[in-house]
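My notebook is open, and I want to look things up one part at a time. Here is the structure I am working from.

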Amino acid sequence: MSNKMMPGFGNDFESESLPGALPQGRNSPQQCPYGLYAEQLSGSPFTAPRATNERSWLYRIRPSVRHSGRFAKADFPLWKTAPTGETHDVPLGQYRWNPFDIPVEKTNFIDGMRTITSTGDCTQHSGMATHIYVCNHDMDASVFLNADAEMLFVPQLGGLILHTELGQMTITPGHIAVLPRGMMVKIQLCGNTSNGGARGYVCENYGAKFTLPDRGPIGANCLANPRDFKTPVAAYDDSDEPHELIVKWCGGFHKTSLGHSPLDVVAWHGNYVPYCYDLSTFSPVGALSFDHPDPSIFTVLTAPSETAGTANIDFVIFPERWSVAEDTFRPPWYHRNIMSEFMGLIKGTYDAKQEGFIPGGVSLHNMMLPHGPDLDAFEKASTSALKPVKMTDTMAFMFESRFPQHVTRFAAETSTLQDDYIDCWQGLEKKFTGKK
Ligand code: FE2
């Protein structure tokens, strides 16, 4: 399989892995080259406006309808979908979790998905879910199709190879990938970790697709630049080995058997495509003189809602950067906001927390619940000399939603939930004396 990639975001791409396999000048000729079958995969309603109209034409060894025998129920009890209907007894609060261990038993990517939060309603194409995956094994002859959501992958430990219908992407920590709703994928592990496993974060987006945020007065450059997004070239698997197809549909899981690999697309064209992105190519823009801008300045991708500027999901990163503001409390301020913030850490430390927020862990600051720097971070940032400082070896991120995020029962009851998180703000004593 080739690992070449094509640059650009939202482009109309085309790729063929055999010469002349892609029909030219038409989508559905009477006979396709090489005896391939033509199949359209539409990610938007047919009549969506051009700016949001997305589809790809796939030229494959067998049509995917051949892959759909009778389905049987499958069970992945820790992968939840909104609305879950779950309840738990953990009181309202700011939450933080330690990283999950890599399992000892054989666990592939799908087996290893653990839902932390969800919101909205997947059947209404609104809302999202957040997950941590921990796995130690390839999917072998299993292929997965998620009809409920676009999936955003954020590896934190070890890498993943995503064999999609349109080609192959390899992502390691510091890279992300996005897989369109309904596109089949087989996931393998890559890169050596000490225990041979992989861990990371996934955001399922039930709503409108991720896109690049408008830059407003920033202009035509910086933040995430379109050319740094990469889409794979066609790569097909002409295998008659039996495969299993697992379909996630309206929160349920279903499986069927195939006599071959469904990753058999020899050529394709269109704009409904998977892509990956190296987070180190994000060019941050920030305060050059004083004050701390809103975190939206670090938005990589945004999944819009029907209301302008009110995202179903923002994917926001806190990358390596210079901190130079004068006469400024440089970490994030104390705040409450209507958006709910699921936060993960890929590496290093985050500037608002001195300890306790660990790579692979999670914090959740939900709608209108106050949060901000812990005591040690506050004391340090209030008194340190304000020289220019390079913030290195750090990469935190947020899956931020306009909706409150509901914690799953699993996440509420797991032993990795810290019971002392709120204590990090104890000791923020009264400093007010009434005198200047
Ligand atoms: Fe926040």
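Before anything else, I note that this is a predicted model.

**Entry: the iron site**

I began with the metal and asked what coordinates the iron ion. Along the sequence, I can write the donor residues as H-x5-E-x29-H. I then checked where the two histidines sit: H335 is in the loop between β23 (321-323) and β24 (340-347), while H371 is in the loop between β25 (362-365) and α1 (375-383). So the pair ties together parts that are 36 residues apart in sequence.

Next I looked at the geometry. Ideal angles for four tetrahedral donors would be 109.5 degrees. Here the angles between the four donor atoms go from 59 to 167 degrees, so I put the arrangement down as irregular.

Are the two histidines buried or exposed? The cut-off for buried is under 20% relative accessible area. H335 comes out at 18%, so it counts as buried. H371 has 5%, so it counts as buried too.

**Entry: helix α1**

I wanted to know which residues of α1 are buried, and I got A377, F378 and A381. They span an arc of only 100 degrees around the axis, so they lie on the same side of α1. That made me recall that an α-helix has 3.6 residues a turn, so residues three or four places apart point the same way. On the face turned away from the buried side I found K380 and T383, which are exposed.

**Entry: strand β8**

I moved on to β8 (residues 126-135), where ten of the ten residues are buried, so the strand is largely enclosed by the rest of the structure. I looked up its partners. β7 (residues 113-121) runs antiparallel to β8, with eight bridges joining them, and D121 stands opposite S126. Four residues lie between the strands of this hairpin, and one thing I jotted down there is H125, with a positive phi near 55 degrees. β15 (residues 198-205) also pairs with β8 in the antiparallel sense, over eight bridges; Y133 has G200 as its bridge partner.

**Entry: a six-stranded sheet**

Last, I traced an open sheet with antiparallel pairing, in the order β6-β25-β24-β27-β22-β21. Its edge strands are β6 (95-97) and β21 (299-303), each pairing on one side only. Ignoring direction, neighbouring strands are turned by 15 degrees against each other on average. At the β21 end, I found four bridges to β22 (residues 313-318), with T299 partnered by V316.

Technical notes
Residues are numbered from 1 along each chain as its sequence is written. This is a predicted model: local features need pLDDT of at least 70, side-chain atom pairs count only at pLDDT 80 or more; totals for chains, interfaces and linings use all residues. Side-chain values use heavy atoms; hydrogens and water are left out. Donors are N, O and S atoms within 2.8 Å of the metal (3.2 Å for Na, K and Ca); water is not among the atoms, so sites may look incomplete. Four donors count as tetrahedral if all angles lie between 85 and 135 degrees; four count as square planar and six as octahedral if opposite donors are over 155 degrees apart and all others between 65 and 115; anything else is irregular. Buried means under 20% relative accessible area, exposed over 50%, partly exposed in between (1.4 Å probe, protein chains only). Two strands pair if DSSP finds at least two bridges between them. The arc is that of the directions from the helix axis to the C-beta atoms. Axes are lines fitted to C-alpha atoms, for helices over the stretch in contact, and angles run from 0 to 180 degrees between N-to-C directions.
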